[in-house]
Amino acid sequence: MTVPANTIVEATRVAVAITGPVFDAVPITITVLTEAEWNAREGYTPMPDLVGVTDAAEILGVSRQRVLQLIDEHRLTAEKVGKSMVLARSEVEAFHRRTA
């Protein structure tokens with residue numbers, strides 16, 4: 001059962017409240033997982049937040065050309081998707097923190 005909730009405690013309370021009446025019994029065990037834990041258990045790989053070269057340039061405060069140069073220098077990692085290059089936002093932000 002998937003229970004949307006803001007906290008694990010809230011999810012547990014909702015799960016107990018729902019399962020008791022449905023099964024006419026008090027639950028003995030409930031396993032509560034965060035979405036990230038569930039995804040890992042199921043083998044799902046989360047897709048990182050991606051940005052294009054223009055957005056990366058804006059984050060870094062440099063030109064698009066400089067971002068392409070950083071990619072060519074292997075200082076930033078990018079992947080080609082169709083005709084565009086994309087970068088992981090977290091990597092761009094980490095690079096910015098290191099070089100600021």
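This is a predicted model: local features need pLDDT of at least 70, side-chain atom pairs count only at pLDDT 80 or more; totals for chains, interfaces and linings use all residues.
Reader: How is the packing of two helices described?

Author: Two packed helices are described by the angle between their axes, together with the distance that separates those axes. In this structure, helix 3, which covers residues 53-60, packs with helix 4, residues 64-72, at an angle of about 100°, and their axes are 8 Å apart. Angles of 65 to 115 degrees count as roughly perpendicular, and helix 3 and helix 4 are therefore roughly perpendicular to each other.

Reader: Which residues of helix 3 and helix 4 meet?

Author: From helix 3, Val-53, Thr-54, Ala-56, Ala-57 and Leu-60 meet Arg-64, Val-67, Leu-68 and Leu-70 of helix 4. Sorted by class, this contact of helix 3 with helix 4 has 7 nonpolar, 1 polar and 1 charged residues.

Reader: At what angle do helix 3 and helix 5 pack?

Author: Helix 3 packs with helix 5, residues 89-99, at about 30°, with the axes 9 Å apart; these two helices are therefore roughly parallel to each other, and their crossing is right-handed. Here Ala-56, Ile-59 and Leu-60 of helix 3 meet residues of helix 5, including Val-92 and Phe-95.

Reader: What shows where empty space is left?

Author: Rolling a probe the size of a water molecule over the atoms shows this. In this model the largest pocket has a volume of about 570 Å³, and among its 20 lining residues the closest to the centre are Met-1, Thr-2, Val-3, Val-32 and Leu-33. Helix 1 gives the most to the lining, with 4 residues, and the lining as a whole divides into 11 nonpolar, 7 polar and 2 charged residues.

Definitions and conventions. Residues are numbered from 1 along each chain as its sequence is written. Side-chain values use heavy atoms; hydrogens and water are left out. Axes are lines fitted to C-alpha atoms, for helices over the stretch in contact, and angles run from 0 to 180 degrees between N-to-C directions. Angles under 35 degrees count as roughly parallel, over 145 as roughly antiparallel, 65 to 115 as roughly perpendicular and the rest as oblique. Contact means heavy atoms within 4.5 Å. Ala, Val, Leu, Ile, Met, Phe, Trp, Tyr, Cys and Pro count as nonpolar, Asp, Glu, Lys and Arg as charged, and the others, Gly among them, as polar. On a 1 Å grid over the protein atoms alone, a cavity is a set of points where a 1.4 Å probe fits but cannot get out, and a pocket is an open set with protein on both sides within 12 Å along at least five of seven lines; lining residues have an atom within 4 Å of a point. Grid points are joined across faces, edges and corners, and a volume is the space filled by probe spheres set on the points. A crossing is left-handed if the near helix is turned anticlockwise from the far one by less than a right angle, and right-handed if clockwise.
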